[in-house]
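Biologist: Could you walk me through how to read a model like this one? I'd like the general idea each time, then the case in hand.

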Amino acid sequence: MASSKVGSIGEYIREQRTRAKISLRQLADVSGISNPYLSQIERGLRKPSAEILQQIAKGLRISAEALYVQAGILEDREADTDVQAAVRADLVLTERQKQVLLDIYASFLKENEASGVLGAEPDVPAETAAPEEETGPEQAGPERKGREEVG
């Protein structure tokens, strides 16, 4: 099963290289990988590391993430929302902090989707919600009048 993944990444790299109209030797030169090793990767005989995939991506001028997904290193994911892109681009946060924020955000999205309020305003707890309309003492029930007189 792993060999099918190895073969598919090699085939994918070869396909990207032929689309870019680059020879195997040229890709080896620009990526800094030996020609024989690159050939073995394309033929499915070797499984490239993430670092090698990054060098190949640079040589092909494609996203390293695309190669990682093809190699099974990363799961394919949907395009980032503005929030996710902003968190990932933040230079101040650590990788762990970014991941925690993204996990929390994903849980909120999942919760909203499950409750059918996707795209709607978030629920505000009753204690923090602004009252619809303020009522005066004369409009309040006996309970409210009693509290105002005491207070």
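This is a predicted model: local features need pLDDT of at least 70, side-chain atom pairs count only at pLDDT 80 or more; totals for chains, interfaces and linings use all residues.

Biologist: Then let's start with confidence. What is the mean pLDDT of the protein?

Modeller: pLDDT is the predictor's confidence in each residue, from 0 to 100. Here the mean is 77, and 70% of the residues reach 70 or more. The pLDDT is below 50 over residues 124–129, a stretch with one contact in the model beyond near neighbours in sequence. Residues 139–148 are also below 50, and that stretch has seven such contacts. Contact here means heavy atoms within 4.5 Å.

Biologist: How many helices and strands does the protein have?

Modeller: Helices (H or I, at least four residues) and strands (E, at least two) are DSSP runs, numbered from the N terminus. This protein has eight helices and zero strands, which reads along the sequence as α-α-α-α-α-α-α-α. As for contacts between residues at least 6 apart in sequence, 40% join residues at least 24 apart.

Biologist: And burial? What share of the residues counts as buried?

Modeller: Buried means under 20% relative accessible area, exposed over 50%, and partly exposed in between (1.4 Å probe, protein chains only). Of the 151 residues, 23% count as buried. For the surface as a whole, accessible areas come from the Shrake-Rupley method with a 1.4 Å probe, and for residues only the protein chains shown count as cover. The protein exposes about 11,400 Å², with carbon and sulfur atoms supplying 52% of that.

Biologist: Now salt bridges. How many does a search of the whole structure find?

Modeller: Side chains of opposite charge can pair when their charged atoms come close. The test is a side-chain nitrogen of Lys or Arg within 4 Å of a carboxyl oxygen of Asp or Glu. The search finds four. One of them pairs Glu 42 with Arg 14, the closest N and O atoms being 3.3 Å apart. That pair links distant parts of the chain, Glu 42 in helix H3 (residues 35–42) and Arg 14 in helix H1, 28 residues apart.

Biologist: Is Glu 42 buried or exposed?

Modeller: Glu 42 counts as buried because its relative accessibility is 2%. Arg 14, at 35%, is partly exposed.

Biologist: Which side chain does the side chain of Arg 17 make a polar contact with?

Modeller: A polar contact is a pair of N or O atoms within 3.5 Å; within protein, one must be able to donate a hydrogen and the other to accept it, and residues adjacent in sequence count only if both atoms are side-chain atoms. For Arg 17, the partner is the side chain of Glu 42, at 2.7 Å. Arg 17 belongs to helix H1 (residues 2–19) and is buried, at 11% relative accessibility. Leaving aside neighbours within four places in sequence, its contacts include Leu 24, Leu 27 and Leu 60.

Biologist: What does the side chain of Ser 31 reach?

Modeller: The backbone oxygen of Leu 27, at 2.6 Å. Ser 31 is in helix H2 (residues 24–31) and counts as buried, with a relative accessible area of 6%. Not counting residues up to four places away, Ser 31 touches Gln 55, Ile 56 and Gly 59.

Biologist: Last one: which residues make the nonpolar surface patch?

Modeller: Patches are made of residues with over 30% relative accessible area and no salt bridge: like charges are joined within 9 Å, nonpolar side chains (Val, Leu, Ile, Met, Phe, Trp, Tyr) within 5 Å. Here Val 100, Ile 104 and Phe 108 make a nonpolar one of about 260 Å². Ile 104 lies in helix H7 (residues 95–115) and is partly exposed at 39%.

Conventions. Residues are numbered from 1 along each chain as its sequence is written. Side-chain values use heavy atoms; hydrogens and water are left out.
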